[in-house]
Amino acid sequence: MNRTTWLRRNRRPLIVAALIAAVMLLPVPAPAHKGHVGPMVDFVAVNDALKAMLPDGARVTRRKEAVKTEGAAWAKSALGVSLGADDIQTYLLARAPEGDKVLGAAMDAGFDYEHGDIKLAVGVDLAGKVTKAAVLGVNEKYVDEVKAGIGSGFLADLDGLTVQDLSARADAAYKAQKNTAGDVLTHLRDMAAALATLTHGLSA
């Protein structure tokens, strides 16, 4: 078979192959939010926030562990919050300067917001009450929206609230169609519940 005959017989498969190759070489578009929401605007530095959420003089250790199945069951029955069993949580645990007495815990985390992100932090005492909570930062596009909806930096009106209080606040915000506040409160609630669960049963 000469070259001309071979090309004539295989022209269609060759065209298809060429089209596939051309498509594969096209540049992949970046996610829609990249470059459109602006840089992250920080309200409070993470380390400063976490330090303020834990007792002065405490011995602080960083821990990384999962909420176990029994812990998730306790969170559901005692706190009314569904936590994913086996989800790895990174947090700071504060103990008394001497001995093993647990004084509290704190963590920071982020969540997707519209086409950007919001960074949060929360601390709890051994009773599971909020010591401090904060909106650490948000993408530039949503700064005004978040400030108007929930606030920025430390959220002083959340100090001393229980996990159940945070749930009630979130529900009320959604009912009032204040979705930004509802989203932030829900995530802070879940974070506080995770901390309360991870410290539940530790030496008091």
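The model is predicted, so local features are reported at pLDDT of at least 70 and side-chain atom pairs at pLDDT 80 or more, while totals for chains, interfaces and linings use all residues. Residues are numbered from 1 along each chain as its sequence is written, and side-chain values use heavy atoms, leaving out hydrogens and water.

The protein contains seven helices and seven strands (DSSP runs, H or I of at least four residues for helices and E of at least two for strands, numbered from the N terminus). Their order from the N terminus is α-α-β-α-β-α-β-β-β-β-α-β-α-α. Of the 204 residues, 37% are buried (under 20% relative accessible area with a 1.4 Å probe and protein chains only; exposed means over 50%, and partly exposed lies in between). The accessible surface comes to about 11900 Å², with 54% belonging to carbon and sulfur atoms (Shrake-Rupley method, 1.4 Å probe). Of the contacts (heavy atoms within 4.5 Å) between residues at least 6 apart in sequence, 62% join residues at least 24 apart.

Helix H4, residues 69–79, has Gly71, Ala72, Ala75 and Leu79 as its buried residues. Viewed down the axis of H4, these residues fall within an arc of 100 degrees, and they therefore line one face of the helix (the arc is taken over the directions from the helix axis to the C-beta atoms). In general, an α-helix has 3.6 residues a turn, so residues three or four places apart point the same way. The buried residues of H4 pack against helix H6 (163–175) and H7. Thr69, Glu70 and Ser77 are exposed on the face turned away from the buried side of H4. Just after H4, glycine 80 adopts a positive phi of about 75 degrees.

Alanine 96 is found in the loop between strand S3 (88–95) and S4. Its relative accessibility is 12%, so alanine 96 counts as buried. Leaving aside residues up to four places away in sequence, alanine 96 touches Arg59, Lys101 and Leu103. Its C-alpha atom is separated by 8.9 Å from that of valine 60, 36 residues apart along the chain.

The largest pocket is lined by 14 residues, with Gln89, Ala109, His187, Asp190 and Met191 nearest its centre. Strand S4 (102–113) and helix H7 (179–199) are the elements that give two or more residues to this lining. By class, the lining of the largest pocket has seven nonpolar, five polar and two charged residues (Ala, Val, Leu, Ile, Met, Phe, Trp, Tyr, Cys and Pro count as nonpolar, Asp, Glu, Lys and Arg as charged, and the others, Gly among them, as polar). A pocket here is an open set of points on a 1 Å grid over the protein atoms alone, where a 1.4 Å probe fits, with protein on both sides within 12 Å along at least five of seven lines; lining residues have an atom within 4 Å of a point.
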